[in-house]
Amino acid sequence: MTRRAIGFVVALLAAAFAGEARAYTPFGVTEHIVPIEDVALTTPESEPLYLAHKTSTVYFILGVYVSDDGYVLGLRSNAKHYVDMPPPDKLAEFQSKGLLPNPLPPYRLGFIDYLKGYSLWIVAGPLIGLYLYFHFAVRLRRRKPRRAARR
């Protein structure tokens with residue numbers, strides 16, 4: 001592979017992960033709340049809630065790790081805020097009253113969640129592999145051939 005081809009692959013990867021223009025580079029933990037369905041529960045301040053699941057992604061420029069944090073109750077008035085699920089005894093009470101579904105609907109992390117969550121390794125792995133390949137290939141080409149031993 002030539003340098004031009006490597007540059008093309010890097011540019012292609014950068015374009016694949018480019019989203020809307022942002023003024024920041026993510027560092028640290030970012031939480032994502034994904035709605036599942038509306039429920040009849042409200043907060044003590046009478047704010048309506050919805051059933052959701054939460055994921056946390058650790059970023060160091062690109063995603064390092066993604067974790068599934070389970071069910072939460074999201075606030076309809078603010079998509080970035082949530083309330084933790086009630087303890088099991090309260091959860092059973094809410095389900096018996098019909099305020100929460102019984103059983104709770106299944107969910108799973110999608111391909112894009114994993115792609116964002118492990119994007120650093122998806123990009124770094126092939127780049128490290130290419131570096132090592134070219135590093136050792138150049139060293140092998142520069143090595144002088146051994147002369148046959150004279151008898």
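Let me start with a bit of bookkeeping: the expected span of a helix is 1.5 Å times one less than its number of residues. Helices here are DSSP runs of H or I with at least four residues, strands are runs of E with at least two, and both are numbered from the N terminus. With that, take α4: it has 24 residues and reaches 35 Å from its first C-alpha to its last, close to the 34 Å expected at 1.5 Å a residue.

Now the caveats. This is a predicted model, where local features need pLDDT of at least 70, side-chain atom pairs count only at pLDDT 80 or more, and totals for chains, interfaces and linings use all residues. Residues are numbered from 1 along each chain as its sequence is written, and side-chain values use heavy atoms, leaving out hydrogens and water.

So how confident is the predictor? pLDDT is its confidence in each residue, from 0 to 100. The mean for the protein chain is 82, and 85% of its residues reach 70 or more. Where pLDDT is low, the predicted coordinates should not be read in detail.

On to the layout. The chain has four helices and four strands, and along the sequence they run α-β-β-β-β-α-α-α.

How much of the chain is buried? Buried means under 20% relative accessible area, exposed means over 50%, and partly exposed is in between, with a 1.4 Å probe and protein chains only. Buried residues make up 25% of the 151. Back in α4, Ser119, Leu120, Val123 and Ala137 are buried.

Rings of Phe, Tyr and Trp (its six-membered ring) pair if their centres lie within 6.5 Å; planes under 30 degrees apart are stacked, over 60 edge-to-face, and the rest tilted. There are five aromatic pairs. Phe27 and Phe60 have ring centres 5.4 Å apart and planes at 75°, so that pair is edge-to-face. Phe27 sits in β1 (residues 27-42) and Phe60 in β2 (residues 48-60), 33 residues apart.

Tyr65 and Tyr118 are also edge-to-face, at 6.1 Å centre to centre and 85° between the planes. Tyr65 is in β3 (residues 62-75) and Tyr118 in the loop between α3 (111-117) and α4 (119-142), so this pair ties together parts 53 residues apart in sequence. Tyr65 is partly exposed at 45%, and Tyr118 is partly exposed at 27%. Ring pairs also bring in Tyr114, giving a cluster of Tyr65, Tyr114 and Tyr118.

How values were computed. pLDDT is the predictor's confidence in each residue, from 0 to 100.
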